[in-house]
Amino acid sequence: APALARKVVAVLLRQGYVGAVFVADSLGPVPGTLPLSALGLQGAARTPQPSIIVSFRSWTLGCRKPELCAVEVADTPLQQGQGMHGAFSRADTHNFMAAIGPDFRKRFRDPDPVGNVDVPVTLARILGLRLSDRGSLRGRVASEALPDGRPLPLGRRVLRSAPAANGFQTMLKAQTVGAAVYFDAAGAPGRTLGLQP
């Protein structure tokens, strides 16, 4: 299977719509790709795990706020905005989230990244509930958004694959808050909004 995966990846890396490629760790390192474990997708789930994941290419149309006018190339007859699930560009990972109420700071703009996975544990903390973890995928309490909260130390992480024969390289940018990882963008620089060439 590793030899077949390398052939498939070689074809994918020549396609104009490809922004990033990730392969199952069991296939070994493949130039131009990063392992699924870099995304936290190599686990013990009973559901079938993919061998190869492709993210679509993306860019901006040149507006003042590139994240608001991003375009992705996908091998589908759908047009932009007609149901695509997005690429791994910054336009698709930098989303808006808001919270209001007596248990949140007023007029506070959180400098730390927060994701959907953080919502249940933050609400559980506010309600005084204790949630038990299932597996290793869990959120963090967005304590900086609570009264008397303080911004938490923010880290940055960049992973780069070895370049493929044609020079294609998958790059993954992320932010960290403690053990929590928030993905900013993944793809080949120049083929993914948020990753400069």
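## The sheet and its pairing

Strands β1 and β3 pair in the antiparallel sense over five bridges, where two strands count as paired if DSSP finds at least two bridges between them, and V21 stands opposite V54 in β3. This is a predicted model, in which local features need pLDDT of at least 70 and side-chain atom pairs count only at pLDDT 80 or more, while totals for chains, interfaces and linings use all residues. Residues are numbered from 1 along each chain as its sequence is written, and side-chain values use heavy atoms, with hydrogens and water left out.

The open sheet has four strands in the order β2-β1-β3-β4, with mixed pairing; its edge strands, each pairing on one side only, are β2 (34-35) and β4 (70-73). Strands and helices are DSSP runs numbered from the N terminus, strands (E) of at least two residues and helices (H or I) of at least four. Strands β1 and β2 run parallel and are joined by two bridges, with P35 in β2 as the bridge partner of V23. On β3 (residues 52-60), four bridges make an antiparallel pairing with β4, and T60 stands opposite A70 in β4.

## Cover over the strands

Helix α1 (residues 2-12) lies across β1 (18-23) and β3, running at about 10° to β3, an angle taken on a scale from 0 to 180 degrees between N-to-C directions of axes fitted to C-alpha atoms, for helices over the stretch in contact (heavy atoms within 4.5 Å). Strand β1 is mostly covered, as six of its six residues are buried (under 20% relative accessible area, with exposed meaning over 50% and partly exposed in between, using a 1.4 Å probe and protein chains only).

## An exposed residue

In helix α3 (residues 118-127) lies L127, which is exposed, with a relative accessible area of 62%.
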